[in-house]
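Here are my notes for you to read with the viewer open. Take the points one by one and find each residue as you go.

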Amino acid sequence: MLDAEKFEGFKQKLLADNEKQFGKELREMFGDEAIAGSNAKLKAMSFAQYADTEKLQKEFNGALKRAVAQGDLASELAQHACALHKNWLCRYWGEYTAEMHLGLAQMYVDDSRFTAYYDKIAPGAAVFLRDALEIYCK
């Protein structure tokens, strides 16, 4: 199997796993059209684009961890973390609005699965990100 074929299989598995785990909820929150657009963006990603997106996610995680430790929602670092998060989202979302971003951040707080993911980065990170995004999105 060629690397390109492996990568295509990998993307299909990511999409299937995401649909199984979060599909219903995400469709209720954002609608079928938005999810189809997001899935299309992932399907169209090259390996280099995907690798760059993973690098961006790691950069965001590091910035968020440092910002939570700093504790200032309005700091340059916290707002930079918000900008990185927006950039990461836009790699997957067909359309971006501040309202959608804030809705997603609220879901990170309301849904224990997302809270657990972000709080592994730093305790309280889900709430911190939501609150910092309130400033960023204004």
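Is Arg130 buried or exposed? Arg130 counts as buried, because its relative accessibility is 19% and the cut-off for buried is under 20%. Keep in mind that this is a predicted model.

1. Let's stay with Arg130 for a moment. Arg130 makes a salt bridge with Asp131, and the closest N and O atoms are 2.8 Å apart. Asp131 is partly exposed, with a relative accessible area of 25%.

2. With Glu25, the side chains meet in a salt bridge at 2.5 Å, N to O. This pair links distant parts of the chain: Arg113 sits in helix H6 and Glu25 in helix H1 (residues 3–30), 88 residues apart. Arg113 is partly exposed, with a relative accessible area of 33%, and Glu25 is partly exposed too, at 29%.

3. The other partner of Arg113 is Asp111, again with the closest N and O atoms 2.5 Å apart. Asp111 counts as buried, with 10% relative accessibility.

4. Next, the helices. How do H5 and H6 pack? Helix H5 (residues 98–110) and helix H6 (residues 112–121) pack at an angle of about 90°, and their axes are 5 Å apart. H5 and H6 are therefore roughly perpendicular to each other. On the H5 side, Met107, Tyr108, Val109 and Asp110 make the contact, meeting Ser112, Phe114, Thr115 and Tyr118 in H6. Sorted by class, the residues of this contact are five nonpolar, two polar and one charged.

5. The axes of helix H3 (residues 47–70) and H6 come within 8 Å and cross at roughly 75°, which makes H3 roughly perpendicular to H6. Here Gln57, Phe60, Asn61, Leu64 and Lys65 in H3 meet Tyr117, Tyr118 and Ile121 in H6. The class count for this contact is five nonpolar, two polar and one charged. Look for Tyr118 in both places: Tyr118 is in the contact with H5 and in the contact with H3.

6. Time for the aromatic rings. How many aromatic pairs does a search of the whole structure find? The search finds 12. In one of them, the rings of Trp88 and Tyr92 have centres 5.4 Å apart and planes at 65°, so the pair is edge-to-face. Trp88 and Tyr92 are separated by about one helical turn, because they are four residues apart in helix H4 (residues 76–92). Trp88 counts as buried at 17% relative accessibility, and Tyr92 counts as buried at 15%.

7. Last stop: a cluster. Ring pairs link Phe22, Phe60, Tyr108, Phe114, Tyr117 and Tyr118. You have met some of these already: Tyr108, Phe114 and Tyr118 are among the residues where H5 meets H6, while Phe60, Tyr117 and Tyr118 are among those where H3 meets H6.

Notes
Residues are numbered from 1 along each chain as its sequence is written. This is a predicted model: local features need pLDDT of at least 70, side-chain atom pairs count only at pLDDT 80 or more; totals for chains, interfaces and linings use all residues. Side-chain values use heavy atoms; hydrogens and water are left out. Axes are lines fitted to C-alpha atoms, for helices over the stretch in contact, and angles run from 0 to 180 degrees between N-to-C directions. Helices (H or I, at least four residues) and strands (E, at least two) are DSSP runs, numbered from the N terminus. Angles under 35 degrees count as roughly parallel, over 145 as roughly antiparallel, 65 to 115 as roughly perpendicular and the rest as oblique. Contact means heavy atoms within 4.5 Å. Ala, Val, Leu, Ile, Met, Phe, Trp, Tyr, Cys and Pro count as nonpolar, Asp, Glu, Lys and Arg as charged, and the others, Gly among them, as polar. Rings of Phe, Tyr and Trp (its six-membered ring) pair if their centres lie within 6.5 Å; planes under 30 degrees apart count as stacked, over 60 as edge-to-face and the rest as tilted. Buried means under 20% relative accessible area, exposed over 50%, partly exposed in between (1.4 Å probe, protein chains only). A salt bridge is a side-chain nitrogen of Lys or Arg within 4 Å of a carboxyl oxygen of Asp or Glu.
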